Amino acid sequence: TRLVEYPEHPRRAEAQELLGLSRERAGQLASAAGHYREATALAPSNSYFQMNLGNALLKQQLFAEAAAAFPQAGDNPDALNNLAYTYGELNANLDEAVQLCERAVKLRPSYRAYYLDTLAGILVKRGELRESVATYEQALAATTDRQASLRDAIRQRLATARALLKE
């Protein structure tokens, strides 16, 4: 924390991010967002600082602010995915949300399960239930043995989508 006291220190942005991460883990989301804002002001091209700001805002359900923060992270696939999720929460820009998820999958195929899970949720919101079931199934198939909690969550959402499809 001493680095924050030195405005010209070259590692000040990283110190702000670390403070933000610490505050976020402690559940102090507004404080975390403040530190991330400071980090982004000091290093605006750092996509992770931008994404962390968006995540802290998203966790506070400040969806419009999060939707403004995530695009500043550029082509960071996690930020693209989280922007898509945010659009889903806003029930806005759903066509763009689909494209964001597809772009995230292309950029980081190893996180495919996460991104397809988000995409399937967007498809449910668009009323494309058959497509959402198929996408949840793909997301489930893409999980690894180390992703048990993700797999369980996808299974629950898949069951919900299947039930909606039968209605």
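**Helix H3 and its packing against H5**

Helices H3 and H5 lie roughly parallel to each other, a label given to angles under 35 degrees, as against roughly antiparallel over 145, roughly perpendicular from 65 to 115 and oblique for the rest. The model is predicted: local features need pLDDT of at least 70, side-chain atom pairs count only at pLDDT 80 or more, and totals for chains, interfaces and linings use all residues. Residues are numbered from 1 along each chain as its sequence is written, and side-chain values use heavy atoms, with hydrogens and water left out.

**The chain**

- The chain holds 9 helices and 0 strands; helices (H or I, at least four residues) and strands (E, at least two) are DSSP runs, numbered from the N terminus.
- About 60 × 35 × 30 Å is the span of the C-alpha trace along its principal axes.
- Of the 167 residues, 47% count as buried, meaning under 20% relative accessible area, with exposed set at over 50% and partly exposed in between (1.4 Å probe, protein chains only).
- Among contacts (heavy atoms within 4.5 Å) between residues at least 6 apart in sequence, 42% join residues at least 24 apart.

**Packing of H3 with H5**

- Helix H3 (residues 47–59) and helix H5 (residues 77–90) pack at an angle of about 25 degrees, and their axes are 10 Å apart.
- The axes are lines fitted to C-alpha atoms, for helices over the stretch in contact, and angles run from 0 to 180 degrees between N-to-C directions.
- H3 passes H5 in a left-handed crossing, one in which the near helix is turned anticlockwise from the far one by less than a right angle (clockwise being right-handed).
- H3 contributes Met 51, Asn 55 and Leu 58 to the contact, and H5 contributes Asp 78, Ala 79, Asn 82, Tyr 85 and Thr 86.
- These residues divide into 4 nonpolar, 3 polar and 1 charged; Ala, Val, Leu, Ile, Met, Phe, Trp, Tyr, Cys and Pro count as nonpolar, Asp, Glu, Lys and Arg as charged, and the others, Gly among them, as polar.

**H3 in its surroundings**

- H3 has 13 residues and reaches 18 Å from its first C-alpha to its last, close to the 18 Å expected at 1.5 Å a residue, where the expected span is 1.5 Å times one less than the number of residues.
- Mostly covered, H3 has 11 of its 13 residues buried, including Phe 49, Met 51, Leu 53 and Leu 57.
- The buried residues of H3 pack against helix H1 (12–25), helix H2 (29–42), helix H4 (63–69) and H5.

**Ser 47**

- Ser 47 belongs to helix H3 and is buried, with a relative accessible area of 19%.
- Leaving aside neighbours within four places in sequence, Ser 47 is in contact with Ala 73 and Asn 76.
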